[in-house]
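Hi,

Here is the structure I said I would pass on.

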Amino acid sequence: MEKALKRYLLISLGWLSVIIGSIGAVLPILPTTPFLILALACFSKSSHRFHRMLLNNKWFGPVLTEWEKNKTISRQVKLRSMALVIISFSISIIILSGRTELQLTLVVLGLVALAVIYQLKESEPPK
């Protein structure tokens, strides 16, 4: 009983992460990759079918496969992610002009996000 409950909770958390990550692919305010990595981890412990589904996805699959195998991302994905953080946080900061506390909060959160992305290990370029 307890094992089945854990499995269903992991599947539910996995699907919630996929949904949030998919929304993040469209809205620059939400990050996509961390939610999909969380979904991948949940599915690896609960559903081989859903786990394979993510790894075989034509948009997210290659990045997730690389992460699962090597715990690395390509330099291109890293730079694209950093650019999206800068663009989305800049737009949000501009929209919130006159609300200094919120703007400073966004600056701090953006810098933290950039630091986390920067520290991710990069995969070796193909030779």
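This is a predicted model: local features need pLDDT of at least 70, side-chain atom pairs count only at pLDDT 80 or more; totals for chains, interfaces and linings use all residues.

Start with the salt bridge between Arg75 and Glu122, whose closest N and O atoms are 2.7 Å apart. By salt bridge I mean a side-chain nitrogen of Lys or Arg within 4 Å of a carboxyl oxygen of Asp or Glu. Arg75 sits in helix H5 (residues 75-95) and Glu122 in the segment after helix H6 (100-119), so this pair ties together parts that are 47 residues apart in sequence.

Residues are numbered from 1 along each chain as its sequence is written, and side-chain values use heavy atoms, with hydrogens and water left out. Helices are DSSP runs (H or I, at least four residues), numbered from the N terminus.

Back to Glu122, which also forms a salt bridge with Lys78, the closest N and O atoms being 3.3 Å apart. Lys78 is in H5 too, so here the parts tied together are 44 residues apart in sequence. A search of the whole structure finds two salt bridges.

How buried or exposed are these residues? I call a residue buried under 20% relative accessible area, exposed over 50%, and partly exposed in between (1.4 Å probe, protein chains only). Arg75 is exposed at 52%, Glu122 is partly exposed at 27%, and Lys78 is buried at 6%.

Now the helix packing. The axes of H1 (residues 2-26) and H2 (residues 33-46) come within 8 Å and cross at roughly 155°. Axes here are lines fitted to C-alpha atoms, for helices over the stretch in contact, and angles run from 0 to 180 degrees between N-to-C directions. That makes H1 roughly antiparallel to H2 (the label is for angles over 145 degrees). Residues in contact (heavy atoms within 4.5 Å) include Leu10, Trp15 and Val18 of H1 and Phe35, Leu38 and Phe43 of H2. By class, this contact has twelve nonpolar, four polar and two charged residues. Ala, Val, Leu, Ile, Met, Phe, Trp, Tyr, Cys and Pro count as nonpolar, Asp, Glu, Lys and Arg as charged, and the others, Gly among them, as polar.

H2 also packs on H3 (residues 48-55), at about 145° with the axes 7 Å apart. That contact divides into seven nonpolar, four polar and no charged residues.

Cheers

Methods:
Helices (H or I, at least four residues) and strands (E, at least two) are DSSP runs, numbered from the N terminus. Angles under 35 degrees count as roughly parallel, over 145 as roughly antiparallel, 65 to 115 as roughly perpendicular and the rest as oblique.
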